[in-house]
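Here are my notes on this model, as numbered points. Please read them with the structure open.

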Amino acid sequence: LKGILAHTKRIHWIRLLYAFPKHITDDLLTLMAKEERICKYLDVPLQHISERILLSMNRKFTQTQTKTLIERIRTRVPQCSLRTAFIVGYPGETDKEFKELCQFVQDFAFDHVGVFQYSKEEGTKAAQIKNQIPGRIKRERYNTLMKIQQSISKKNLERFVGQKIEVVIDEKEEKEVFIGRSQYDAPEADGVVYVKTRQLLQPGDFIQVK
């Protein structure tokens with residue numbers, strides 16, 4: 001990142017995507033906090049929070065380490081927007097373990113959450129686990145977790161009302177309406193900002209939006 005920053009003076013935003021939890025160091029968070037051109041955004045795929053399932057997934061990152069990491073990120077980079085992804089219906093996932101995941105999502109209030117229904121892949125260890133979860137239950141768990149996250153996202157976004165934020169313009173939607181993103185939204189993954197203005201904007205323009 002330091003090398004990229006040194007050689008890309010004209011690039012205004014640098015975004016970190018798919019950061020494996022174990023590799024997020026204090027040095028990285030310190031750099032993110034002080035460097036304006038690094039977006040205050042981290043995409044950290046956590047997959048689950050049940051200790052047993054994390055072990056079965058071979059994640060090499062425990063429940064305690066996960067919770068400590070999130071608290072560390074929010075302490076060192078307070079304005080950081082957090083995206084993560086979870087798998088529901090992993091083989092052997094019990095109702096209790098799914099409820100544990102739901103409670104974790106509620107407690108830590110992530111800005112963006114992707115939820116995926118476990119898909120059996122030939123040749124993987126998980127595919128050999130006997131207790132495969134029926135499709136109906138996977139869909140139910142997917143819908144339940146997404147509904148929880150929708151209400152969290154709505155509440156999180158309310159903090160921006162009335163604020164001025166920087167937005168990059170991606171495209172023109174219609175007359176006097178453009179589509180852009182804040183530094184807290186990754187392209188093609190997160191939300192967008194609809195910009196109403198009479199200015200003649202171009203894709204790539206950075207502007208202040210209320």
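1. Lining of the largest pocket. This is a predicted model. By class, the lining of its largest pocket has 15 nonpolar, eleven polar and six charged residues. The volume of the largest pocket is about 660 Å³. The lining numbers 32 residues, and those closest to the pocket centre are His112, Leu157, Asp185, Gly191 and Val192.

2. Who supplies that lining. Helix H7 (135-157) gives the largest share, seven residues. At least two residues each come from E3, E4, H7 and strand E7 (193-196).

3. The sheet. Four strands make up an open sheet, ordered E1-E2-E3-E4, with parallel pairing. Strand E1 (14-16) and E4 are the edge strands, each pairing on one side only. On average, neighbouring strands of this sheet are turned by 15° against each other, direction ignored.

4. A helix on the sheet. Helix H2 (residues 26-34) packs on the sheet and touches both E1 and strand E2 (38-43). The direction of H2 makes about 140° with that of E2.

5. The E3-E4 pair. Strand E3 (residues 81-88) pairs with strand E4 (residues 112-117) in the parallel sense, over six bridges. Thr84 stands opposite Val113 in E4, and Phe86 stands opposite Val115 in E4.

6. Cavities. How many cavities of 30 Å³ or more are there? The count is two.

7. The largest cavity. Its lining consists of Pro21, Leu46, His48, Leu54, Arg59, Phe61 and Thr66. These divide into four nonpolar, two polar and one charged.

8. The second largest cavity. Val44, Leu46, Ile70, Ile73, Leu82, Arg83, Thr84 and Phe110 line this cavity. By class there are six nonpolar residues, one polar and one charged. E3 gives the largest share of this lining, three residues. Helix H4 (63-76) and E3 each supply at least two.

9. Points to check by eye. Leu46 lines the largest cavity and also the second largest cavity. Thr84 lines the second largest cavity and stands opposite Val113 in E4. E3 supplies residues to the lining of the largest pocket and to that of the second largest cavity.

Methods. Residues are numbered from 1 along each chain as its sequence is written. This is a predicted model: local features need pLDDT of at least 70, side-chain atom pairs count only at pLDDT 80 or more; totals for chains, interfaces and linings use all residues. Side-chain values use heavy atoms; hydrogens and water are left out. Two strands pair if DSSP finds at least two bridges between them. On a 1 Å grid over the protein atoms alone, a cavity is a set of points where a 1.4 Å probe fits but cannot get out, and a pocket is an open set with protein on both sides within 12 Å along at least five of seven lines; lining residues have an atom within 4 Å of a point. Grid points are joined across faces, edges and corners, and a volume is the space filled by probe spheres set on the points. Ala, Val, Leu, Ile, Met, Phe, Trp, Tyr, Cys and Pro count as nonpolar, Asp, Glu, Lys and Arg as charged, and the others, Gly among them, as polar. Axes are lines fitted to C-alpha atoms, for helices over the stretch in contact, and angles run from 0 to 180 degrees between N-to-C directions. Contact means heavy atoms within 4.5 Å.
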